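Dear colleague,

I am passing on a structure that I would like you to look through. My notes on what was found follow below it.

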Amino acid sequence: MDGVESSSYDDMAMLPLVEGLSIFMTFAFQKNYLIGELNAGFKQVMNGFDLSRLLIGLQCVGAAVQSLMRRFNT
């Protein structure tokens, strides 16, 4: 497609998945295909990362608490 480049690459951390990237150079689309606010995508993605870090931290704390409970209850 004109104005769009895509490629994939290998990532040691994510062997079962194929990672890739898309670059939109001179790509234009109709305004009715816009989802959300114009130029707000980066901000929305970064907010999602904040939530993900919180959830991963809670999973780690939960696993640590469970390990301590098993260790001292036996």
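**Surface and overall form**

The protein chain exposes about 7200 Å², of which carbon and sulfur atoms supply 62% (accessible areas come from the Shrake-Rupley method with a 1.4 Å probe, and for residues only the protein chains shown count as cover). Please keep in mind that this is a predicted model, in which local features need pLDDT of at least 70 and side-chain atom pairs count only at pLDDT 80 or more, while totals for chains, interfaces and linings use all residues. Residues are numbered from 1 along each chain as its sequence is written, and side-chain values use heavy atoms, with hydrogens and water left out.

Regarding confidence, the protein chain averages a pLDDT of 84, and 93% of the residues score at least 70, where pLDDT is the predictor's confidence in each residue, from 0 to 100. Among the elements of the chain, the lowest mean pLDDT, 83, belongs to S2, and the highest, 90, to H1.

The secondary structure comes to one helix and two strands, helices (H or I, at least four residues) and strands (E, at least two) being DSSP runs numbered from the N terminus. Along the sequence the pattern reads β-β-α. The radius of gyration of the protein chain is 20 Å, well over the 11 Å that the globule rule gives for 74 residues, so the chain is more spread out than a compact globule; this radius is taken over C-alpha atoms, and the rule is 2.2 Å times the number of residues to the power 0.38. Taken along the principal axes, the C-alpha atoms fill a box of roughly 65 × 30 × 15 Å. Of the 74 residues, 3% count as buried, with buried meaning under 20% relative accessible area, exposed over 50%, and partly exposed in between (1.4 Å probe, protein chains only).

**The strands and the loop between them**

Gly20, whose place is in strand S2, is partly exposed, with a relative accessible area of 46%. Leaving aside residues up to four places away in sequence, Gly20 touches Ser7, Ser8 and Tyr9, contact meaning heavy atoms within 4.5 Å. The C-alpha atoms of Gly20 and Asp10 are separated by 8.5 Å, with the two residues 10 apart along the chain. Asp10 itself is placed in the loop between strand S1 (4-9) and S2, and at 80% relative accessibility Asp10 counts as exposed. From Asp10 to Leu58, 48 residues apart along the chain, the C-alpha separation is 29 Å.

Phe24, Phe27, Phe29, Tyr33, Leu34 and Leu38 make a nonpolar surface patch of about 640 Å². Patches are made of residues with over 30% relative accessible area and no salt bridge, like charges being joined within 9 Å and nonpolar side chains (Val, Leu, Ile, Met, Phe, Trp, Tyr) within 5 Å. At 76% relative accessibility, Asn39 counts as exposed.

**Helix H1**

The count of salt bridges comes to one, a salt bridge being a side-chain nitrogen of Lys or Arg within 4 Å of a carboxyl oxygen of Asp or Glu. In this salt bridge the side chains of Asp50 and Arg53 meet at 2.5 Å, N to O. Both residues lie in helix H1, where Asp50 and Arg53 are three residues apart, about one turn of the helix. Asp50 counts as partly exposed at 40% relative accessibility, whereas Arg53 is exposed, with a relative accessible area of 56%.

Val45 likewise has its place in helix H1 and is partly exposed, with a relative accessible area of 45%. Between Val45 and Ala64, 19 residues apart in sequence, the distance in space is 29 Å, C-alpha to C-alpha.

With best regards
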